Amino acid sequence: MEQAALDQIRRRLDGDRVHLMTQLADMGVDPDTGNPNGDQFDQGFADSGQNTAEKALVLSMAEGVLESVREIDAALARIDEGTYGSCESCGQPIGDERLDARPVARLCVSCKRRAG
Ligand SMILES: [Zn+2]
């Protein structure tokens, strides 16, 4: 891929990452561990009288956000390695359109379809 296109994707991924980190901080979850951030996490629930089930819901949402962060980190690593934009399965270009819709994509459309 062209350097300009890669730079653009990197900026987009960086921006998404910051956004996700903010979401985790708002949830009171430590972005490094995915665990509740002690008092900060409990405090978010203390006033509203929310219960254990709701805490579990927030943690499962946090897990989804963390998964997105990991996907972004992997994509940024591929940009650094120079392998970004190539399908990890068949090595063919993933395609600009697909990458535009899903910048963290690892597989081209046909491999993705095979993988389910
Ligand atoms: Zn492929």
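Cys90 is partly exposed, at a relative accessible area of 36% (partly exposed lies between buried, under 20%, and exposed, over 50%, using a 1.4 Å probe and protein chains only). The model is predicted: local features need pLDDT of at least 70, side-chain atom pairs count only at pLDDT 80 or more, and totals for chains, interfaces and linings use all residues. Residues are numbered from 1 along each chain as its sequence is written, and side-chain values use heavy atoms, leaving out hydrogens and water.

**Zinc site**
- Cys87, Cys90, Cys108 and Cys111 each give their SG atom to the zinc ion, at 2.2 to 2.3 Å (donors are N, O and S atoms within 2.8 Å of the metal, or 3.2 Å for Na, K and Ca).
- Along the chain, these donors have the spacing C-x2-C-x17-C-x2-C.
- Cys90 sits in the loop between α3 (52–81) and α4 (96–101) and Cys111 in helix α5 (residues 109–115), so the pair ties together parts 21 residues apart in sequence (helices are DSSP runs of H or I, at least four residues, numbered from the N terminus).
- The arrangement is tetrahedral because the four donor atoms subtend angles of 105 to 115° around the zinc ion (for four donors, all angles must lie between 85 and 135 degrees).
- Cys111 is buried, with a relative accessible area of 5%.

**Nonpolar core**
- The largest nonpolar core has 25 residues, and among those touching the most other members are Leu13, Ile72 and Tyr84 (a core is a set of buried Ala, Val, Leu, Ile, Met, Phe, Trp, Tyr and Cys residues joined through side-chain atoms within 4.5 Å).
- Two or more residues of this core come from each of α1 (3–27) and α3, and α3 gives the most, with nine.

Key: Tetrahedral: all angles 85-135°; square planar, octahedral: opposite > 155°, others 65-115°.
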